[in-house]
Amino acid sequence: MSTDTVMASLLLGVGFIVLMGLRILRGKKGPDPMVRPLPVFQELKTEVGYAAESGGGLHIALGNGSLYGQSAITSVAALQLFSSLSDTMVAYDAPPIVTVGDPTLLPLAQDILRRTYERVGQAKLFDPRQVWFVAPSPVAYAAGAAQVSALEPISAEMVIGDFSAEVGFIGQSSMRHGISSLAAVAAPAAIGALYPATSRLAMGEEMFAGSAQVTGERRHVLALLAQDVLRLILILAILTSALLAM
Amino acid sequence: MVLASYLMPAWGLVDLRNRLIEWAVIVAAFTFMLGIFNILQVHGRRLSRRRSGWFYSLVLVVAMALAMLPPIFSIPLLNVPESTWMWADRLIFDDIITPVGATLAALVAFVLLAAAFRLLRTRHSAEALLFLVVVIVTLLGTTPLVGGEWLADVRYWLITVPGMAGMRGLLLGVGLGIMITALRVFIGDEHPYTDL
């Protein structure tokens with residue numbers, strides 16, 4: 001086994017032990033771990049309410065990540081956040097338009113929406129055309145998704161998932177049409193492109209805190225705690241190796 | 001099993017991994033068909049109801065149909081000369097789609113610059129000013145300005161010291177988030193696509 005494989009295995013093993021340990025020790029008992037509030041997620045439900053009051057809908061851009069590439073887990077995190085939000089959107093009668101840039105996300109996004117409508121007893125209101133496959137290339141997807149704010153009655157826009165610098169098209173379009181915009185992206189290029197467009201931006205690892213912030217479910221919060229523990233372990237490892245290298 | 005095959009390439013796990021990946025590729029290819037039907041559904045409805053932007057939907061549907069023609073013509077049963085469908089293929093992909101994609105990509109830089117300047121009007125903060133200063137210095141440092149070689153040095157320092165440090169910290173955090181999310185998928189804790 002190469003050194004990289006050994007290190008990756010070690011990190012995965014430590015991560016698994018930390019995650020399972022927290023689930024066993026704090027899964028059902030003990031005080032709720034504290035989570036730093038992130039404005040972008042705290043204001044999500046408010047934005048959904050405003051959209052419902054104004055009669056407009058929401059645009060959820062899930063990006064061009066696929067389920068088979070390097071961005072698979074980022075896409076899963078985006079789907080999880082969309083799933084957490086969908087109950088609120090359907091309950092408030094603020095129908096979303098969901099755009100995806102990879103067809104592997106299409107059936108999953110449709111299924112999340114369908115099950116949400118079924119849960120609230122309004123299965124007949126579900127329309128699979130609420131989820132749009134825009135284009136497989138990142139730039140074409142961004143240009144197509146930017147058109148949603150121009151052509152559809154949208155009150156708010158949520159950009160979550162795998163994006164790159166071309167997400168600037170979407171941010172610029174929402175700025176031009178006066179649409180309230182929130183974003184949660186992991187890639188540095190996307191962060192730089194969205195920073196001018198919206199002040200409500202979750203950057204990098206904050207994106208993975210979305211589900212915990214929106215639902216408050218203990219299992220999501222414990223995952224954040226596991227991330228913090230691993231971060232501390234990583235910092236100690238880096239400092240130790242730096243000291244040993246002197 | 002796929003993960004185990006990378007850690008323990010024995011007991012036929014590698015063959016099993018390759019077979020599973022082949023099946024995943026086939027399923028992913030079928031999702032492209034779903035995507036095509038979705039495009040026809042969404043834009044077909046816009047066309048039939050003459051909703052705003054219907055002309056763009058018409059262009060999209062016609063362009064999609066035209067782009068499907070060269071692969072269809074390449075079917076041997078149709079006896080279309082290879083030179084004909086190759087010419088159509090080159091025309092559509094090399095002469096239309098590629099330049100249009102490059103044009104859109106070139107627009108990204110201008111869109112970002114416009115957004116950066118608009119930032120100063122909408123947000124009056126030290127961070128916004130710093131963002132704009134860094135953007136301007138980085139852009140000017142890339143251009144071969146006479147007498148502006150020091151800008152290139154400043155740009156290099158910005159990219160290699162604070163920029164690289166920030167990006168590494170960001171990517172470390174993202175990596176940890178990805179790892180924990182992946183572990184949760186493995187243990188069945190993260191499943192946005194089921195009701196379990």
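Of the 196 residues in chain B, 14% are buried, a residue being counted as buried if 20 or more other C-beta atoms lie within 10 Å of its own, exposed if 12 or fewer do and partly exposed in between, with C-beta atoms placed from the backbone. In chain A, by comparison, buried residues make up 52% of the 246 residues. The structure is a predicted model, in which local features need pLDDT of at least 70 and side-chain atom pairs count only at pLDDT 80 or more, while totals for chains, interfaces and linings use all residues. Residues are numbered from 1 along each chain as its sequence is written, and chains are lettered from A and ligands numbered from 1 in the order in which they are written.

Chain B contains six helices and zero strands, where helices (H or I, at least four residues) and strands (E, at least two) are DSSP runs numbered from the N terminus. The radius of gyration of chain B is 25 Å, well over the 16 Å that the globule rule gives for 196 residues, so chain B is more spread out than a compact globule; this radius is taken over C-alpha atoms, and the globule rule is 2.2 Å times the number of residues to the power 0.38. The C-alpha atoms of chain B fill a box of roughly 65 × 55 × 40 Å along the principal axes. Among the contacts in chain B between residues at least 6 apart in sequence, 7% join residues at least 24 apart, two residues being in contact if their C-beta atoms, placed from the backbone, lie within 7 Å.

Two loop residues of chain B have a positive phi. B:Arg50, in the loop between helix 2 (13-48) and helix 3 (54-73) of chain B, has a phi near 50° and counts as exposed, with 9 C-beta neighbours inside 10 Å. B:Asn79, in the loop between helix 3 and helix 4 of chain B, has a phi near 55° and is likewise exposed, with 7 other C-beta atoms within 10 Å. Most residues other than glycine have a negative phi.

Chain A has ten helices and six strands. For its 246 residues a compact globule would have a radius of gyration near 18 Å, and the value of 19 Å found for chain A agrees with this. The C-alpha atoms of chain A fill a box of roughly 60 × 40 × 35 Å along the principal axes, and 74% of the contacts in chain A with a separation of 6 or more are between residues 24 or more positions apart. The domain assignment of chain A, which is automatic or taken from a database, gives domain 1 (35-214) and domain 2 (216-246). The C-alpha centres of these two domains of chain A lie 29 Å apart, and the contact between them takes five residues from domain 1 and four residues from domain 2.

Within chain A, strand 4 (154-162) is largely enclosed by the rest of the structure, because nine of its nine residues are buried. Strand 4 of chain A runs parallel to strand 1, to which six bridges join it, and A:Ile60 stands opposite A:Met158 in strand 4. Six bridges also join strand 4 of chain A to strand 5 (residues 180-185), again in parallel, with A:Ile160 opposite A:Ala184 in strand 5; two strands are taken to pair if DSSP finds at least two bridges between them.

Helix 6 of chain A is mostly covered, with ten of its 14 residues buried, among them A:Pro138, A:Tyr141 and A:Val148. The cover over these buried residues includes strand 1 (57-63), strand 2 (96-100), strand 4 and helix 7 of chain A, together with helix 4 (82-122) of chain B. The end C-alpha atoms of helix 6 of chain A are 20 Å apart, in agreement with the 20 Å that its 14 residues should span at 1.5 Å a residue, the expected span being 1.5 Å times one less than the number of residues.

The contact between the chains takes 57 residues from chain A and 48 residues from chain B. Elements that each supply at least two residues of the side of chain A that touches chain B include helix 1 (3-26), helix 6 (138-151) and helix 10 (218-245) of chain A. The residues of this side divide into 35 nonpolar, 15 polar and seven charged, where Ala, Val, Leu, Ile, Met, Phe, Trp, Tyr, Cys and Pro count as nonpolar, Asp, Glu, Lys and Arg as charged, and the others, Gly among them, as polar.
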